Amino acid sequence: MPARMTLALSGDQHDHLMSFLFPGDGKEAVAILLCGRRDGDRCHRLVVREIYGIPYEDCSERTPLRVTWPPDYIAPMLDRAAAEGLSVIKVHSHPTGYGAFSGIDDEGDARLLPMIRGWVEADVPHGSAVMLPYGQMFGRVLQGDGSFAPIDCISVAGDDLQFWYADAGNAALPSFVASHAQAFDEGTIQRLRRLSFAVVGASGTGSPTVEQLVRLGAAEIVIVDDDHMEDRNVNRILNSTMQDVKDGRLKIDVLADAGERVGLETRIIRVPKNLWHPDVIREVAQCDVIFGCMDTIDGRYLLNALASYYAIPYFDIGVRLDAVRDGAGKGRIREVCGTVNYLRPGRSSLVSRGLFTMADVAAAGLRRNDPNAHERQVEDGYIRGVPAHRPAVISVNMFASALAVDEFLARLHPFREEPNANYASVTFSLASMELIYDPEEGICEILGGTVGIGDMAPMLGLMELAERRSS
């Protein structure tokens with residue numbers, strides 16, 4: 001199966017592009033996108049890094065049906081693309097709402113795109129796209145033989161999630177989705193049937209998340225975890241048995257086998273590696289949506305960074321159960337709570353929301369790479385200790401997981417009374433029986449500028465992900 005071609009924008013990039021391309025005069029306008037990439041075997045993902053609008057006054061002609069500008073204007077952009085191996089996408093507006101490339105577009109692209117390819121030289125795709133008055137986009141890329149191929153999907157990771165497909169409406173809906181299609185219309189279900197999800201962590205919250213996605217009809221689920229089954233896991237991993245423990249099976253195999261037995265045609269990809277392996281980054285970065293189901297600080301930070309570099313919406317699930325461990329009150333529950341954080345590329349992060357600090361990330365990395373050194377620093381009081389095993393209860397994990405999947409559905413098919421921007425994080429407390437939500441605020445100083453960088457060496461700019469080259 002050939003890799004699908006996609007184009008991803010953050011919500012802010014899409015808003016900016018729409019504002020520039022539709023200035024209110026009813027005439028076409030044009031902009032240039034410089035894009036990073038994830039050049040994968042399942043998906044070639046173009047991720048928008050920078051947007052350059054061609055000033056209206058510099059265009060030689062602007063009408064409701066045509067926009068013309070001097071090609072020399074984009075020379076600096078092409079030099080930049082050539083120097084960094086970036087893909088170039090020309091995007092213009094159709095104020096009339098015409099939903100296809102026009103004959104004028106065909107003539108223009110036949111001249112412009114080969115010129116861009118010759119200028120940039122690197123063997124990377126270039127193309128063009130069109131934005132319609134209500135924000136929908138479609139596009140195409142230049143192929144080696146000079147023909148055009150459609151961009152299979154253009155996505156926007158904003159407060160709402162947008163996925164526009166080149167062949168929208170062509171996906172057949174099986175009978176098992178009939179009941180949830182009644183709630184979320186056929187268009188939403190068709191998108192679900194095309195989406196690729198990454199679920200990182202295959203235990204307490206990862207297990208019910210995979211189960212829900214399979215039964216919602218997800219097209220593809222990439223499950224990441226390198227742990228084997230232990231007896232303490234059977235109390236919370238769906239479909240697991242003590243025999244799985246005796247057989248020393250991988251958690252992902254337990255989940256994947258169960259998901260495949262359901263028979264709903266979801267493709268499940270098993271990645272039995274630690275999140276800090278470059279191959280994991282390569283696999284997850286090809287997905288459309290990420291669910292983080294881990295309790296390690298450094299792992300959650302890594303996923304947050306990955307989502308930003310590749311403009312992927314990220315749902316982080318955290319659960320906390322506090323009980324008195326010793327003394328007269330032993331066993332008394334002090335708090336049962338959890339939080340679902342939705343992270344938009346280019347906005348706030350788990351760090352800027354105060355869930356942890358970069359010092360915590362460094363300490364977690366030390367604990368993973370050198371446990372003895374970490375223990376010494378905890379004893380010396382330089383860093384805070386972290387319990388090796390937290391308490392876990394399946395009913396609480398499933399509650400948090402369901403909240404996260406519902407959060408995703410609310411953004412794919414908005415149904416709440418208030419805008420999705422008001423629900424950047426949702427916290428539940430079963431001790432006080434509260435549901436608390438907070439709006440999106442601010443931009444992370446660390447990750448805010450990494451949107452659209454895509455592949456680089458080392459991956460995500462982290463030396464720990466650097467790969468040794470064979471001599």
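N420 is found in the loop between α12 (394-412) and β18 (425-429); helices (H or I, at least four residues) and strands (E, at least two) are DSSP runs, numbered from the N terminus. The model is predicted, so local features need pLDDT of at least 70 and side-chain atom pairs count only at pLDDT 80 or more, while totals for chains, interfaces and linings use all residues. Residues are numbered from 1 along each chain as its sequence is written, and side-chain values use heavy atoms, with hydrogens and water left out.

With a relative accessibility of 5%, N420 counts as buried (buried means under 20% relative accessible area, exposed over 50%, and partly exposed in between, with a 1.4 Å probe and protein chains only). Leaving aside residues up to four places away in sequence, N420 touches D159, D160, A410, R411 and P414, where contact means heavy atoms within 4.5 Å.

Zooming out to the whole chain, the secondary structure comes to twelve helices and 19 strands. The radius of gyration is 24 Å, close to the 23 Å that the globule rule gives for 471 residues, so the chain is as compact as a globular protein of that length; the radius is taken over C-alpha atoms, and the rule is 2.2 Å times the number of residues to the power 0.38. Along its principal axes, the C-alpha trace spans about 80 × 55 × 45 Å. Buried residues make up 52% of the 471 residues. Of the contacts with a separation of 6 or more, 67% come from residues 24 or more positions apart. The chain exposes about 20900 Å², and carbon and sulfur atoms supply 50% of this area (Shrake-Rupley method with a 1.4 Å probe; for residues, only the protein chains shown count as cover).

Strand β6 (residues 87-93) holds H92, which is buried, with a relative accessible area of 3%. The side chains of H92 and H94 are joined by a polar contact of 3.3 Å (a pair of N or O atoms within 3.5 Å; within protein, one must be able to donate a hydrogen and the other to accept it, and residues adjacent in sequence count only if both atoms are side-chain atoms).

Most residues other than glycine have a negative phi, and most peptide bonds are trans. Just after α3, E121 takes a positive phi of about 70 degrees. N239, in the loop between β13 (220-224) and α6 (242-246), likewise has a positive phi of about 70 degrees although it is not a glycine, and is partly exposed at 41% relative accessibility. In the segment after β19 (434-438) lies P458, and the peptide bond from A457 to P458 is cis, with omega near -5 degrees. L460 is found in the segment after β19, has a positive phi of about 60 degrees and is buried at 5% relative accessibility.
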